[in-house]
Amino acid sequence: MASYVDEPGPGAQKRRHAEEPTSVSEQEDRQGGHDSDVRLASDFHTDNGHRFGNFPNYYSFHNVEDRLDLLTKDLISPMLDECGDDFTIADIGCNDGTLTKALHEKVVTVVASRGLTTRVRTLGLELDPQLVARARSTTFTPGNGSEICFEDVDATDEARVSALASSFLGPSSTRINLVTCFSTTMWVHVNHGDATFLAFLDHLKRLSQRLVIEPQPWRCYRSAATRLRRMGKSELVCYEAVAARSDKVIENFIVRAVCGFSGSAAEAAATTTTASAAEATMATMTATKKTTKKTTVAGPEAEFGCVVLSDAAGSWERKVLLFERGICVD
Ligand SMILES: C[S@@+](CC[C@H](N)C(=O)[O-])C[C@H]1O[C@@H](n2cnc3c(N)ncnc32)[C@H](O)[C@@H]1O
């Protein structure tokens with residue numbers, strides 16, 4: 001997913017992640033933070049999106065097509081073979097729905113290109129009600145009898161998310177075919193802490209047949225904290241307490257929570273109180289198979305396997321974790 005800003009050329013700065021503006025003023029300019037017309041009234045907006053990631057103008061500087069390019073037709077197509085009449089998608093932390101709609105369209109296009117009659121049904125979930133209102137109000141044609149809807153909810157509220165998911169799925173189905181969570185895990189992590197973050201991942205896993213997570217690297221956590229500090233705002237409540245404080249450990253933390261071979265999020269929390277503990281645990285539980293474009297990870301007792309989709313260099317600049325039920329690696 002191209003959630004990074006390319007700065008090509010010799011000696012150029014590293015590509016920056018979507019969450020990582022160079023300075024508060026640059027970010028505020030991008031977000032319209034100095035423009036009273038853009039500034040919104042609810043509590044969510046007192047920090048211009050810097051506390052929860054609910055940036056009001058997020059898609060004016062993030063190209064969604066690039067960000068979906070790792071989810072190829074070849075990847076989507078087999079998912080359609082396994083679903084019934086409907087293919088269901090839930091996008092967690094969907095902001096104003098721009099990426100959600102592009103993903104929906106992409107799947108509809110694959111359905112059409114294969115001459116299938118599958119109905120694509122998409123649910124976007126978002127913390128910020130004003131972004132949800134915008135997602136609903138923007139004209140969009142879902143295509144081919146498909147449908148898309150948006151709800152405001154704190155995705156860590158398991159009871160409400162479960163209720164929304166079951167009313168979306170109806171009685172004939174218990175799992176959503178594809179759950180996605182792009183550039184949102186960090187915001188859950190820094191606002192709710194390790195234990196709730198693990199419970200959140202555990203819940204996503206229970207809801208999904210397949211789960212796609214685009215995690216944020218550690219430097220985005222640091223930048224988010226720094227930006228608020230520079231703005232003179234209060235700290236992100238759980239930033240200091242977050243146990244996973246490096247890219248690899250964040251990835252391990254997420255993989256373990258979803259694939260966790262002993263299954264329990266509480267147990268995972270207990271073993272990830274330090275970065276080295278998490279790394280040691282992952283080292284013993286994983287079998288890793290590398291190709292230029294993907295790495296498959298699974299534990300011997302894993303309910304889910306994880307395919308790490310990334311660029312040829314395997315960098316965090318373009319990385320998505322695709323969790324699928326029943327993947328097993330020799
Ligand atoms: C950085 S944006 C990413 C938007 C979109 N997923 C994308 O990648 O293009 C993160 C979004 O997650 C939302 N978010 C943060 N915490 C959330 C929570 N607990 N429940 C639901 N949404 C949340 C924010 O409001 C924001 O819109």
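**Exercise 1. Identify the residues that come nearest to the ligand, and sort the shell by type.**

Solution. Of the 21 residues around the ligand, Gly53, Asn54, Gly93, Ala155 and Phe182 come nearest. A residue counts as near if its C-beta atom, placed from the backbone, lies within 6 Å of the molecule. The model is predicted: local features need pLDDT of at least 70, side-chain atom pairs count only at pLDDT 80 or more, and totals for chains, interfaces and linings use all residues. Numbering starts from 1 along each chain as its sequence is written.

Next, sort the shell: 11 residues are nonpolar, 7 polar and 3 charged. Here Ala, Val, Leu, Ile, Met, Phe, Trp, Tyr, Cys and Pro are nonpolar, Asp, Glu, Lys and Arg are charged, and the others, Gly among them, are polar.

**Exercise 2. Check the length of helix H9 and state how many of its residues are buried.**

Solution. Helices are DSSP runs (H or I, at least four residues), numbered from the N terminus. The expected span is 1.5 Å times one less than the number of residues. For the 13 residues of H9 (residues 247-259) this gives 18 Å, and the end C-alpha atoms are 18 Å apart, so the two agree.

Of these 13 residues, 11 are buried, that is, with 20 or more other C-beta atoms within 10 Å of their own, C-beta atoms being placed from the backbone. Phe253 and Arg256 are among them.

**Exercise 3. Describe how H7 and H9 are oriented.**

Solution. Their axes, lines fitted to C-alpha atoms over the stretch in contact, come within 7 Å and cross at roughly 25 degrees. Angles under 35 degrees count as roughly parallel, so H7 and H9 are roughly parallel.

Note on methods. Helix = DSSP H or I, 4+ residues; strand = E, 2+ residues; numbered from the N terminus. Buried ≥ 20, exposed ≤ 12 C-beta atoms within 10 Å, placed from the backbone. Axes fitted to C-alpha atoms, helices over the stretch in contact; angles between N-to-C directions. Parallel < 35°, antiparallel > 145°, perpendicular 65-115°, else oblique.
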